[in-house]
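Here is a walk through the helices of one model. Keep the sequence and the structure in view as you read.

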Amino acid sequence: MSKGIQQYKFKEPFVTESGSAISKPEVAYQTWGELNKTRDNVILVCHALTGNTAADEWFKGIWGKGKTLDPQQHFIICPNVLGSCYGSSGPTSINPETSEPYRADFPTITIRDMVRLQQRLMDELQITGIEMVIGGSMGGMQALEWAIMDDRPQSAVLIGMGKAHSPWAIGISHAQRQAIYNDPNWKEGYYSEEHPPKEGLGLARMIAMISYRTDADYENKFGREPQPETDQYQVESYLNYQGKKLVERFDAVSYVRLTEAMDSHDIARNRSSYRQVLGKIDIPVMVVGIDTDLLYPVQEQKELADLLPNGRYRLIQSEHGHDAFLIEFEQLNNILVPFLTEKPTSTIYPQQ
């Protein structure tokens, strides 16, 4: 059982890759299970774009006794990323310098910035080792950077992403941000709590939901059926509902900053070649693709696994597209439980 949302407040400022300083940064996180004496029985869970610290809720199908994430066996920790609006420093946080919310004054950030602040949290918690770091989508980007930037992870699971954010994915993110920018209440990100850019954020979510699923999924769910008592198709009503749900729980500037951070994902940026960067990762890495993922096609995961010295690739089959990593839990458990419990060595499994 979780100890609830905890928050660590750092005294020293955090400087982003762009050179902006965030004074007194904060990280919200949740933990489950108990640390062992050597403080290295840790599983680090990295969340996706609009996720939060409640990994036991959104990853519930791989959670519990005998499953991938078992608090009886491991100390599981899930931090909220820098730039989000669920407790870590982000656009909705109060800027200590002005006593007002940052909003659009919150600096642009990168995936590496997120990981560097998480590293500071792990240092403060005196975490000496991480048995596995796992994430899907934006969470997978963080997990990959953890494997590059820190020697504590002993294995990694990367789901539904690649070595860099593709032009296709950047274009979809750009369209979502344009929807927000064109909201009458946006005004360069300076909006009041009474008048947030709801329409723009809702439309951004609709665009995202189309890229997260597949035509077959929508055909089976909705077909061309009309929504009762309205002049809409069921799929239109569904997308409107998804947009409204996100508006009720998320912040528009956070959405902008986090999609920008995803666009920054390129593990060769300011380093060397992909082969050289990934060739230095000697820990076992499980790369999981989804056969119907339109946003991050399986060739990206196959390429990533091939570039990793101790990489292996597995495939989830699903009609649900990118979102399958939050749906197809039985398949995920079947892949990940053996990977975690076998205490992987340098053996590279054949790809399937």
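**Helices, one by one and in pairs**

Start with helix α11, residues 329–341. Its 13 residues reach 17 Å from first C-alpha to last, close to the 18 Å expected at 1.5 Å a residue. The expected span is 1.5 Å times one less than the number of residues. Helices here are DSSP runs (H or I, at least four residues), strands are E runs of at least two, and both are numbered from the N terminus.

This is a predicted model: local features need pLDDT of at least 70, side-chain atom pairs count only at pLDDT 80 or more, and totals for chains, interfaces and linings use all residues. Residues are numbered from 1 along each chain as its sequence is written, and side-chain values use heavy atoms, with hydrogens and water left out.

Which residues of α11 are buried? They are Phe329, Leu332, Asn333, Ile335, Leu336, Phe339 and Leu340. Buried means under 20% relative accessible area, exposed over 50%, and partly exposed in between (1.4 Å probe, protein chains only). The buried residues of α11 pack against β5 (42–46), α1 (55–58), β9 (130–136), β10 (156–159), β11 (285–290) and β12 (311–316). Contact means heavy atoms within 4.5 Å.

Now take helix α3, residues 138–149. Its end C-alpha atoms lie 16 Å apart, which agrees with the 16 Å that 12 residues should span at 1.5 Å a residue. Helix α3 is mostly covered, with 10 of its 12 residues buried. Among them are Met138, Met141, Leu144 and Trp146, but also Gln142 and Glu145.

Next come the pairs. Two packed helices are described by the angle and the distance between their axes. Axes are lines fitted to C-alpha atoms, for helices over the stretch in contact, and angles run from 0 to 180 degrees between N-to-C directions.

Helix α4 (residues 167–181) and helix α8 (residues 252–263) have axes that come within 10 Å and cross at roughly 160 degrees. That makes α4 roughly antiparallel to α8 (under 35 degrees is roughly parallel, over 145 roughly antiparallel, 65 to 115 roughly perpendicular, the rest oblique). From α4, the contact includes Ile170, Arg177 and Tyr181; from α8, it includes Tyr255, Val256 and Glu260. By class, this contact has 7 nonpolar, 3 polar and 3 charged residues. Ala, Val, Leu, Ile, Met, Phe, Trp, Tyr, Cys and Pro count as nonpolar, Asp, Glu, Lys and Arg as charged, and the others, Gly among them, as polar.

Last, the axes of helix α5 (residues 198–212) and helix α7 (residues 234–249) come within 8 Å and cross at roughly 125 degrees. These two are therefore oblique to each other. Residues of α5 including Leu201, Arg205 and Met209 meet residues of α7 including Tyr238, Gln242 and Leu246. The contact of α5 with α7 divides into 8 nonpolar, 4 polar and 3 charged residues.
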